[in-house]
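Welcome! Please take a moment to look over the sequence and the 3D structure shown here before reading on.

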Amino acid sequence: MFSRRNLVALGGLVATAAANPCDIYADGDTPCVAAHSTVRALYSAYSGELYQVKRGSDNTTTTISPLTAGGVADAAAQDTFCANTTCLISIIYDQSGNDNHLTQAPPGGFDGPDEDGYDNLASAIGAPVTLNGQKAYGVFVSPGTGYRIDSGKDVATGNEPEGMYAVLDGTHYNDACCFDYGNAETSNTDTGAGHMEAIYYGNSTSWGYGAGDGPWIMVDMENNLFSGADEGYNSGDPTLSYRFVTAAVKGGEDEWAIHGGNAASGSLSTYYSGVRPDYTGYNPMSKEGSIILGIGGDNSNGAQGTFYEGVMTTGYPTDDTEASVQENIVAAKYAITSLTSGPALTAGDTISLRVTTPGYTTRYIAHTGTTMNTQVVSSSSSTTLQEEASWKVVTGLGNSGCFSFESVDTPGSYIRHDNFVLYLNADDGTKLFSEDATFCPLEALNGEGNTIRSWSYPTRFFRHFDDVMYAASNGGLQVFDATASFNNDVSFEITTGFAS
Ligand code: AHR
Ligand code: AHR
């Protein structure tokens with residue numbers, strides 16, 4: 001493969017033939033030891049596996065590769081494999097050749113919500129984007145979701161130098177511990193200060209924080225998130241509001257740095273570059289060389305965020321190398337795309353949602369007080385019942401690309417999930433409520449109308465089960481996640497509202 005220097009030497013002949021991030025790091029003598037992305041190849045010559053998806057209909061898997069060497073993921077292959085069913089991202093392959101593949105994170109200091117204390121896998125459809133106009137899917141990490149490899153090959157240990165970057169969704173975050181990508185413990189437990197060195201993104205103020213209200217890029221060094229030289233507040237670490245964020249972090253022998261910027265334009269800024277924190281345990285470092293995504297070192301799994309691509313390097317990359325990587329990220333042209341499909345909903349309309357499961361097709365989504373259920377409704381039902389089964393479609397409270405459903409008879413109350421049960425609750429103005437009340441309609445899994453997925457938990461859909469409404473996953477641990485009848489139970493025909 002051409003190094004970047006060769007490309008420059010060849011000048012106009014190869015023009016801008018892409019040196020991808022790991023070509024650039026190699027050229028700077030700080031090669032990638034792990035390279036993860038579900039959206040594109042991170043080496044210009046890479047045409048191997050990017051990720052594996054597992055579908056709900058038969059639990060079989062397939063691998064997704066780039067359309068061309070060095071190019072964007074073949075999202076159409078995923079769409080075909082996952083047609084009329086659900087899919088999870090089961091493996092994020094390491095493109096570096098080191099086999100540092102990320103898989104479902106095991107229990108550690110904290111248990112995950114899935115079987116045997118494992119974390120959940122991400123939905124394969126939670127984070128659609130386009131790169132240079134081609135559709136691809138990122139990794140949408142809901143609380144409870146996490147990936148890990150316990151013993152990374154060639155990943156820095158002890159006080160060895162390393163670099164890393166990740167491209168993230170700057171608008172998807174929370175204040176729980178810890179949406180991380182980077183170096184962590186091999187035991188999945190908290191083994192003390194200095195045993196981690198990972199990119200953190202979110203608005204936690206439990207440890208460090210920066211200017212404004214967050215979110216911030218910080219470095220998780222275990223038992224502390226550092227935003228600069230000091231514990232706690234550092235004014236140099238800004239609140240970021242870009243849709244696509246580049247976070248670049250590095251840790252050397254007695255130095256470390258945070259760089260960040262807009263992954264869709266411009267260059268990186270330095271938010272910190274200097275000596276190690278002057279607190280016991282962080283100098284020298286005691287890195288262990290495992291790699292985590294979406295969780296804390298001890299498998300704390302309350303955080304949320306979205307990951308598109310990221311790498312770990314050996315050696316301390318120069319600022320110039322990181323600047324060239326940022327140029328390549330910008331040239332990849334990350335952009336948003338539609339979060340919805342199937343019959344279109346329009347904000348302002350009043351609708352009713354009819355069940356399509358055979359034997360239940362006279363029932364509509366309704367509420368009784370705060371309980372969300374299905375009830376038999378018709379034009380001769382009482383006005384009260386007709387209103388209880390009518391919903392005003394509004395722009396999504398938590399994401400304007402999706403929708404929220406406001407009660408017709410109780411204005412100001414919306415359908416939301418809480419512990420994956422749907423309720424009708426008054427908007428309390430919190431970020432959590434707005435996200436719990438945001439849903440993205442998709443082409444129905446049974447082909448009849450819409451399947452309505454939760455924005456914040458894309459593995460979960462409006463489902464009726466024993467005539468009660470849930471945010472259910474296809475084959476999860478709760479009774480209402482049963483696979484039997486799933487496709488029908490999550491498919492609803494949108495009709496003109498009874499009360500409109
Ligand atoms: O350093 C912050 C967090 O503290 C780590 O991610 C976790 O292992 C511990 O709970
Ligand atoms: O429904 C899942 C989660 O349960 C919601 O996000 C939260 O409100 C509750 O803890």
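## About the model

This is a predicted model, in which local features need pLDDT of at least 70, side-chain atom pairs count only at pLDDT 80 or more, and totals for chains, interfaces and linings use all residues. Residues are numbered from 1 along each chain as its sequence is written, while chains are lettered from A and ligands numbered from 1 in the order in which they are written.

## The overall fold

Let us start with the whole protein. Its secondary structure comes to 7 helices and 32 strands, where helices (H or I, at least four residues) and strands (E, at least two) are DSSP runs, numbered from the N terminus. The radius of gyration is 23 Å, close to the 23 Å that the globule rule gives for 500 residues, so the protein is as compact as a globular protein of that length. That radius is taken over C-alpha atoms, and the rule is 2.2 Å times the number of residues to the power 0.38.

The C-alpha trace spans about 75 × 50 × 40 Å along its principal axes. Of the 500 residues, 55% are buried (20 or more other C-beta atoms within 10 Å of the residue's own, with C-beta atoms placed from the backbone).

## A covered strand

Now find strand β11, residues 180-184: 5 of its 5 residues are buried. β11 pairs with strand β12 (residues 197-202) in the antiparallel sense over 4 bridges; strands pair if DSSP finds at least two bridges between them. Within this pairing, D180 has Y200 of β12 as its bridge partner.

Strand β18 (residues 290-293) also runs antiparallel to β11, joined to β11 by 4 bridges. Here A184 stands opposite S290.

## Helix α4

Helix α4 covers residues 319-331 and reaches 18 Å from its first C-alpha to its last, close to the 18 Å expected at 1.5 Å a residue (1.5 Å times one less than the number of residues). Which residues of α4 are buried? They are T321, E322, S324, V325, Q326 and I329. After the helix comes K333, with a positive phi near 55°.

## Around the ligand

Finally, look at ligand 1. Its surroundings include C177, C178, D190, D220 and E222, each with a C-beta atom, placed from the backbone, within 6 Å of the ligand. N223, N224, L225, G296, G297, D298 and S300 are also among the residues around ligand 1.

Terms used: Buried ≥ 20, exposed ≤ 12 C-beta atoms within 10 Å, placed from the backbone.
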